[in-house]
Amino acid sequence: MQPAGPPITPAGMAALRARYDHLLGTERPEIVEIVSWAAGNGDRSENGDYLYGRKRMREIDRELGHLARRMKKLRVVDPSRQTERDRVFFGATVTIADEDDNHRTITIVGDDEQDASSGHIGWSAPLSRALRGAAVGDLKTVRLPSGEKEWEVISIAYP
């Protein structure tokens, strides 16, 4: 049984796992080697390699812990298995138009993989929340910090 945590796409989970594996298998061993070498050089209080290495190792360990906890909580959802393809749900690629007929295409992904510059909007973002369950032709009002904006759903696609 999958955890009932926040959703993430299979690609998003693979990216988190790749980052975890890189930190654990590549970066951390390199830093451990530098710290060991620097520790053998005598006075550690003025040894930049030692001090920086220890600091970097703490940062890596903190990120590894965060990634491990995050991956345990997340629920992998494959958008290609979506059965109700005429409505907006997790993983949908949606084309929307505003009042001035400006079109925008977004893909709704997990919060851990959002990247607005590439059109990937997080599941809990205001625009995603407003579009959930919408069908082609629906008008949805989004409350943004700059005020309300209305969008019309033009098309919905799934991988």
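Visitor: In which strand is Glu-152 found?

Guide: This is a predicted model, in which local features need pLDDT of at least 70, side-chain atom pairs count only at pLDDT 80 or more, and totals for chains, interfaces and linings use all residues. Residues are numbered from 1 along each chain as its sequence is written, and side-chain values use heavy atoms, with hydrogens and water left out. Strands are DSSP runs of E with at least two residues, numbered from the N terminus. The run that covers residues 147–157 holds Glu-152, and that run is strand β7.

Visitor: Is Glu-152 buried, partly exposed or exposed?

Guide: Buried means under 20% relative accessible area, exposed over 50%, and partly exposed in between, with a 1.4 Å probe and protein chains only. Because the relative accessible area of Glu-152 is 33%, this residue is partly exposed.

Visitor: Which aromatic pair is found in the whole structure, and how are its planes arranged?

Guide: Rings of Phe, Tyr and Trp (its six-membered ring) pair if their centres lie within 6.5 Å, and planes under 30 degrees apart count as stacked, over 60 as edge-to-face and the rest as tilted. A search of the whole structure finds one such pair. With 5.6 Å centre to centre and 75° between the planes, the pair of Phe-90 and Trp-123 is edge-to-face.

Visitor: How many residues apart in sequence are the parts that this pair ties together?

Guide: Phe-90 lies in the loop between β2 (75–76) and β3 (93–97), whereas Trp-123 lies in the loop between β5 (120–122) and α3 (126–131). The pair therefore ties together parts whose separation in sequence is 33 residues.

Methods
Helices (H or I, at least four residues) and strands (E, at least two) are DSSP runs, numbered from the N terminus.
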